[in-house]
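Subject: Handover of a structure, with notes

Dear colleague,

Please find below the structure that I am passing on to you. My notes follow directly after it.

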Amino acid sequence: MLCLGIESSCDETALAVVRDGVLLDAVLASQADIHALFGGVVPELASREHYRYLGTLFDQLMQRLDLRPSDLDVVAVSRGPGLLGSLLVGVAFAKALALGCGARFLGVNHLHAHLLAAGLENELRFPALGLLVSGGHTHIYRMESPSRCIVLGKTLDDAAGEAFDKVARVIGLGYPGGPLIDRLAKEGNPHAVEFKRVYLEKDSLDFSFSGIKTGVLNYINSEKQAGREIVPADIAASFQQAVLDVIVKKTIAAAERMGEKRLVLAGGVAANSALRAQLADACREKGIQLFCPPPVLCTDNAAMIACAAYYAYQEGVQDDLTLDAYPALDL
Ligand code: KG4
Ligand code: ZN
């Protein structure tokens with residue numbers, strides 16, 4: 001079964017082909033450089049770029065795989081959550097393609113796809129605990145099956161990735177901030193500054209990351225006022241450690257409370273090298289099996305869309321051409 005996945009929910013235009021759940025090839029055009037000029041994603045520019053690249057990328061992918069559009073059994077697209085204009089470009093493209101080549105059309109929940117991305121490299125087993133940490137979400141789920149996920153905890157304000165991006169801006173790094181902080185933190189001392197860890201009330205599995213940007217700003221201002229030199233690498237490492245301490249502690253607490261012995265990691269922040277290492281250590285200590293996609297499958301990509309569609313196809317899910325894009329879609 002050949003399934004094409006299309007991802008255009010934010011600032012990556014991506015297409016991938018999966019055969020029976022196995023990734024064959026993928027193409028991706030990142031818009032990061034364009035949005036970096038503005039310090040964050042500009043929705044109008046994002047939709048235009050998707051429109052500009054989708055057709056060319058599709059042709060390139062078909063050529064590389066020596067496939068014709070009529071070979072595709074399923075055309076799947078990210079239907080939300082995300083930027084409305086960007087989603088609409090992908091959904092319209094996918095509908096036209098499915099109609100034109102007689103393939104089954106499927107709209108995929110972007111969050112769902114992130115959670116299933118680890119299934120491209122290792123067979124996922126359920127139930128499992130799911131940790132989704134991205135630019136828009138910080139959620140802990142109980143994953144009962146590929147299609148059924150229950151929220152156990154979530155961020156009450158900023159997502160983890162949003163915190164990385166905001167703090168990167170504060171310390172003068174570019175956009176997107178996550179990978180830049182990840183890199184810079186390797187040269188810094190994670191205990192140089194003790195930024196506040198926000199755990200909320202006892203036993204809460206929710207998160208709050210909106211205060212940490214102010215914490216970093218206040219620290220920088222007070223150091224400047226005191227005439228002390230600021231060490232960006234120490235700030236990056238200390239900020240990152242403060243965020244990771246909370247994420248790792250709550251995730252392990254959730255796994256223990258739910259009696260889960262499997263953990264699925266997902267989302268752009270899951271590409272963070274320190275998070276991967278610290279979560280792996282914590283899981284090893286607690287006897288939890290960690291399913292962790294490679295970094296390229298953590299950030300937005302189309303292979304995860306095709307993979308999620310493959311699971312949905314097996315469950316008999318089919319959409320028709322009245323399907324809409326939903327910017328605020330939840331699981
Ligand atoms: O999943 P994703 O590609 O898009 C959304 O669906 O949001 O996640 C993007 C987020 C951005 O906030 C980016 O800064 C963050 O993931 N990110 C990282 C790393 N790579 C991407 N955060 C920390 N460390 C990284 N290595
Ligand atoms: Zn995403």
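The model is a predicted one: local features need pLDDT of at least 70 and side-chain atom pairs count only at pLDDT 80 or more, while totals for chains, interfaces and linings use all residues. Residues are numbered from 1 along each chain as its sequence is written, chains are lettered from A and ligands numbered from 1 in the order in which they are written, and side-chain values use heavy atoms, with hydrogens and water left out.

Helix H4 (residues 110–116) carries both His 110 and His 114, four residues apart, or about one turn of the helix. Helices (H or I, at least four residues) and strands (E, at least two) are DSSP runs numbered from the N terminus. His 110 and His 114 are both buried; buried means under 20% relative accessible area, exposed over 50%, and partly exposed in between (1.4 Å probe, protein chains only).

Leu 116 also belongs to helix H4 and is buried, at 2% relative accessibility. Leaving aside residues up to four places away in sequence, Leu 116 touches Leu 124, Phe 126, Met 143, Pro 146, Cys 307, Ala 308 and Tyr 311, where contact means heavy atoms within 4.5 Å. Leu 116 and Met 304 are 188 residues apart in sequence, yet 6.6 Å apart in space, C-alpha to C-alpha.

**Sheet S3-S2-S1-S4-S5**

Five strands form this open sheet, in the order S3-S2-S1-S4-S5 and with mixed pairing; two strands pair if DSSP finds at least two bridges between them. Strand S3 (22–30) and strand S5 (104–109) are the edge strands, each pairing on one side only. Neighbouring strands of this sheet are turned by 20° against each other on average, direction ignored. Axes are lines fitted to C-alpha atoms, for helices over the stretch in contact, and angles run from 0 to 180 degrees between N-to-C directions.

Strand S1 (residues 2–7) runs parallel to strand S4 (residues 74–80), joined by four bridges, and Cys 3 has Val 74 in S4 as its bridge partner. S4 and S5 are also parallel, over six bridges; in S5, Arg 104 is the bridge partner of Val 74. Five of the six residues of S5 are buried. S2 and S3 are antiparallel, with eight bridges, and Val 17 stands opposite Asp 25 in S3. The hairpin of S2 and S3 has two residues between the strands, and in this hairpin Asp 20 takes a positive phi near 45°. Helix H10 (residues 303–314) lies across S1, S2, S3, S4 and S5, at about 130° to S1.

**Sheet S8-S7-S6-S9-S10**

A further open sheet has five strands in the order S8-S7-S6-S9-S10, again with mixed pairing. Its edge strands, each pairing on one side only, are strand S8 (148–154) and strand S10 (289–291). In this sheet, neighbouring strands are turned by 25° against each other on average, direction ignored. Strand S6 (residues 128–133) and strand S9 (residues 262–266) run parallel and are joined by four bridges; Leu 132 stands opposite Ala 266 in S9. Helix H9 (residues 273–286) lies across S6, S9 and S10, running at about 175° to S9.

Yours sincerely
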